[in-house]
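Please read them next to the coordinates.

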Amino acid sequence: MLEIKTRIKNWDIALFALFYHDYIYNVLKQDNEEQSAKKAEKILNTLKIEKKDITLCSKIIIATKGHNISKNSDINYFTDADLSILGNDWKTYEEYYKNVRKEYKYYPDFVYNKGRIKVLHHFINMPTIFKTSHFYNKFEVQAKENLQREIDLLHI
């Protein structure tokens, strides 16, 4: 995120969100982002941070659930940074998706593959994966290639 630091309006809150966005993480639960946001809100309240900043932190964390475009550029930069692994070189991406599979080791292949393909199609079918020109120009093409390649491997 350092190369986009000057483009983020509330850097301190973005860093706080970065630390807390996966604070609660259980692959068997569907509310990890909401629970992580609640934890961040609790900590920020004890630090007497302004309510608008607490709200922004919560919105940033929850935005990582769907990675949809936001009217807030800080949120878009954050979710783009969160997805940047998708646009790395194939070797790095391959390591990433193998680690994702390890996280979901409780599921047999036929269940995991179906769910993973659905997630990958969600990203491929977005008009653009990345919302900011910085991340779009740097990662969009490679991300779509990586996602399609993983889908092809999951169909084997």
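Predicted model: local features only at pLDDT ≥ 70, side-chain atom pairs only at ≥ 80, totals over all residues.

1. With which residue does Lys-52 form a salt bridge in which the closest N and O atoms are 3.9 Å apart? The partner is Glu-50. A salt bridge here is a side-chain nitrogen of Lys or Arg within 4 Å of a carboxyl oxygen of Asp or Glu. Lys-52 also forms a salt bridge with Asp-53, where the closest N and O atoms are 3.2 Å apart.

2. Residues are numbered from 1 along each chain as its sequence is written, and side-chain values use heavy atoms, with hydrogens and water left out.

3. Lys-52 counts as exposed because its relative accessibility is 56%, and Asp-53 counts as buried because its relative accessibility is 14%. The cut-offs are under 20% relative accessible area for buried, over 50% for exposed, and partly exposed in between (1.4 Å probe, protein chains only).

4. A search of the whole structure finds eight salt bridges. One of them joins the side chains of Arg-101 and Asp-109, at 2.8 Å from N to O.

5. As for the overall fold, the chain has seven helices and zero strands. Helices (H or I, at least four residues) and strands (E, at least two) are DSSP runs, numbered from the N terminus. The radius of gyration of the chain is 16 Å, close to the 15 Å that the globule rule gives for 156 residues, so the chain is as compact as a globular protein of that length. That radius is taken over C-alpha atoms, and the rule is 2.2 Å times the number of residues to the power 0.38. Along the principal axes, the C-alpha atoms fill a box of roughly 55 × 35 × 25 Å.

6. Of the 156 residues in the chain, 42% are buried. The chain exposes about 9600 Å², of which carbon and sulfur atoms supply 55%; accessible areas come from the Shrake-Rupley method with a 1.4 Å probe, and for residues only the protein chains shown count as cover. Among contacts (heavy atoms within 4.5 Å) between residues at least 6 apart in sequence, 61% join residues at least 24 apart.

7. Helix α1 spans residues 11–20, and its buried residues are Trp-11, Ile-13, Ala-14, Phe-16, Ala-17 and Tyr-20. These buried residues pack against α2 (32–46), α3 (51–63) and α4 (73–83).

8. Phe-19, Tyr-23 and Ile-24 form a nonpolar patch on the surface, with about 300 Å² of accessible area together. Patches are made of residues with over 30% relative accessible area and no salt bridge; like charges are joined within 9 Å, and nonpolar side chains (Val, Leu, Ile, Met, Phe, Trp, Tyr) within 5 Å. Tyr-23 is placed in the loop between α1 and α2, and counts as partly exposed at 41% relative accessibility.

9. The loop between α1 and α2 also holds Asn-26, which is partly exposed with a relative accessible area of 31%. A polar atom of the Asn-26 side chain lies 2.8 Å from the backbone nitrogen of Leu-28. Asn-26 and Leu-15 are eleven residues apart in sequence and 22 Å apart in space, C-alpha to C-alpha.

10. Two backbone angles deserve a check. Most residues other than glycine have a negative phi. Lys-48, not a glycine, has a positive phi of about 60°; Lys-48 is found in the loop between α2 and α3 and is exposed, with a relative accessible area of 74%. His-67, not a glycine, has a positive phi of about 55°.

11. Is His-67 buried or exposed? His-67 is buried, with a relative accessible area of 6%, and lies in the loop between α3 and α4. The His-67 side chain makes a polar contact with the side chain of Asp-82 at 2.8 Å. A polar contact is a pair of N or O atoms within 3.5 Å; within protein, one must be able to donate a hydrogen and the other to accept it, and residues adjacent in sequence count only if both atoms are side-chain atoms. Not counting residues up to four places away in sequence, His-67 touches Thr-79, Asp-82, Leu-83, Phe-123, Met-126 and Lys-131.
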